[in-house]
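Please keep the sequence and the model at hand while reading.

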Amino acid sequence: MTDFIKTSASRSLENAVQEHFIPAEAPWSGIVRKGQTIRIEDSYGQQAIDTLFYRADDFAERYSSQDTMRTQGGAYIGTGTKIISNEGNVMLIMTADSCGRHDTSAGACSCESNTVRFGHGTKYLHACRDNFVLEVTKHGMSKRDIVPNINFFMNVPIKPNGEMTIVDGISASGDYVELVAEMDVLCVISNCPQINNPCNGFDPTPIRVLIWDGED
Amino acid sequence: MMHVRRSPEEIAANRQRYEEHQKKGLEFAPKALPAPSPLPAPAIDAAAIIHQETIPGGWHWSTALKRGEALRIDQAEGGSTVALVAWNAADTSERLNLVDTVKVQWTTALGKGRVIFSDMGRVMFSLIEDSSGAHDCLMGGSTAASNAAKYPGVKTRNTRDNLVLVAGKLGLTRRDIPAILNLFAPVRVDDDGGFHWRGKLSNSGDYAELRAEMDMIVGLSNCPHPLDPDPVYAPKPVIVTRFRAPVPAVDDLSRTATAEALRGFENNASMLA
Ligand SMILES: [Zn+2]
């Protein structure tokens, strides 16, 4: 675990309104209110953190990877990226990023896609889609509500010829992203359990989530 | 917080397995893929045609498509982009999944010989003919707002609203609209992730044929792509033809091109058994 890194004079570990430790391979969900800032910390480094956002008062409005990429004209997520919903609204804005490379093209791992990618012998391994299904069910949603997600800290370069592979993440212990919410959102995280590709160095590790109230 | 790390030996074994998969995925598949389909599009045997229709520029359309049937999408007058979504007819919670499609095939560049996966690890479509290989998996379609910005003062139809209409008329909702595949959209990504329209990759009269590998409902929207360089909103009609495709041979290209496709079809077979 790493020490707290200050990104704003008013933000400290002590005045965070929420602090969550998410064990390796586990899901989590929570509400981030408009104006609040959520920090997602890769505590040990090289961990992929699969994340979805839903509008808190209307789950039919949710994160859209394609609208997010289209709106900013590029494939990668970083400081300044507006997180866009399927209705074209700004859900959150990324205000800090100590890592520099996050993916939203490759989606979440699943038992089913693992059979295709890595062989039928990998079917019965814990996977992000199972985490998402369990977690969204707590909020009255189902598999049909799971859409392509953000993979914070996952490194998926796309070449001009279209070639796309998951390579070693570049995040170090304590790297973080911060996003300020532009509407009340439900944040759903699967702390990726994948051990068949290098998205988390073949060794899933715990992460930390912090939430602060707005500075006004 | 206590956390026990995996042993270096276990990590090394997993890494070795991934690198073998990656090597096969990147080196084998491009060799196996054929050249694009020839132009102009050959006529489809009239006896095999089930239905043919022209979708006017700006409009949406949907159809049932049974396993073994195929859909030819023909931008007869050139310059069209067609957004495609699909659901398993028997369980609409199973649907087109582009992120799995590009991830398991190691490429965002779909073309003849590639397949399109559902979220359940099964193959929905085989791309049995494709004259361009210039399609877009990443950017999604136009919206009322993107059209208003691009074509100020002009009344237009857009892909997002079209797909809400398609879903709504099928008893589905906004929750059911998956990420879309843009056919005939020559989008490529530069080293920084920026999107570019590579018009030279497209030909007037391009067509694609998608063979259904399960019973499906397919939705289309025929609107200009957000990156389409034409400043005038002028979507052209496209001709869609639903027809009985030839029964796949044992050495069918899409079913044998990659180890990933083979395993996907094994998942389909276990559903059909
Ligand atoms: Zn995962």
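## Conventions

Helices (H or I, at least four residues) and strands (E, at least two) are DSSP runs, numbered from the N terminus. The structure is a predicted model, in which local features need pLDDT of at least 70 and side-chain atom pairs count only at pLDDT 80 or more, while totals for chains, interfaces and linings use all residues. Residues are numbered from 1 along each chain as its sequence is written, chains are lettered from A and ligands numbered from 1 in the order in which they are written, and side-chain values use heavy atoms, with hydrogens and water left out.

## Backbone features

Most residues other than glycine have a negative phi, and most peptide bonds are trans. A:Gln46, which is not a glycine, has a positive phi near 55°. A:Gln46 sits in the loop between β3 (37–42) and β4 (49–55) of chain A. Its relative accessible area of 21% makes A:Gln46 partly exposed, where buried means under 20% relative accessible area, exposed over 50%, and partly exposed in between (1.4 Å probe, protein chains only).

A:Phe153 is also not a glycine and has a positive phi, of about 70°. This residue belongs to the loop between β8 (150–152) and β9 (175–181) of chain A. With 0% relative accessibility, A:Phe153 is buried. In chain B, the peptide bond between B:Leu39 and B:Pro40 is cis, with omega about -5°. B:Pro40 lies in the loop between α1 and β1 (49–55) of chain B.

## The interface between the chains

Contact (heavy atoms within 4.5 Å) links 58 residues of chain B with 60 residues of chain A. The size of an interface is often given as the accessible area lost when the parts come together. Here the two chains bury about 5,300 Å² between them, 52% of it on carbon and sulfur atoms; buried area is the accessible area (1.4 Å probe) that two parts lose on being put together, summed over both.

Between chain B and chain A there are 11 salt bridges, a salt bridge being a side-chain nitrogen of Lys or Arg within 4 Å of a carboxyl oxygen of Asp or Glu. A:Arg129 and B:Asp119 form a salt bridge through their side chains, at 3.5 Å from N to O. On the side of chain B that touches chain A, at least two residues each come from α1 (8–32), β5 (91–95), α2 (98–104), β9 (187–189) and α6 of chain B. The largest share, 8 residues, is supplied by α1(B). By class, this side of chain B has 20 nonpolar, 18 polar and 20 charged residues. Here Ala, Val, Leu, Ile, Met, Phe, Trp, Tyr, Cys and Pro count as nonpolar, Asp, Glu, Lys and Arg as charged, and the others, Gly among them, as polar.

## Salt bridges within the chains

Side chains of opposite charge can pair when their charged atoms come close. Over all chains, the whole structure holds 34 salt bridges. In chain A, A:Glu163 and A:Lys159 are joined by a salt bridge of 3.1 Å, N to O. A:Glu163 is partly exposed at 21% relative accessibility, and A:Lys159 is partly exposed at 44%.

In chain B, the salt bridge of B:Arg255 with B:Glu213 has its closest N and O atoms 2.5 Å apart. B:Arg255 lies in helix α5 (residues 253–256) of chain B and B:Glu213 in the loop between β11 (207–212) and β12 (216–221), so the pair ties together parts that are 42 residues apart in sequence. B:Arg255 is partly exposed, at 24% relative accessibility, whereas B:Glu213 is buried, at 3%. One network of salt bridges with shared partners joins A:Arg11, A:Glu19, A:Arg39, A:Glu41, A:Glu178 and A:Arg208.

## Two helices

In helix α1 (residues 65–72) of chain A, 6 of the 8 residues are buried, among them A:Ser65, A:Asp67 and A:Met69. The buried residues of α1(A) pack against β6 (82–84) of chain A and against α2, α3 (144–150) and β10 (195–197) of chain B. A:Gly73, with a positive phi near 70°, follows α1(A).

Buried residues of α6(B) include B:Glu260, B:Arg263 and B:Phe265.
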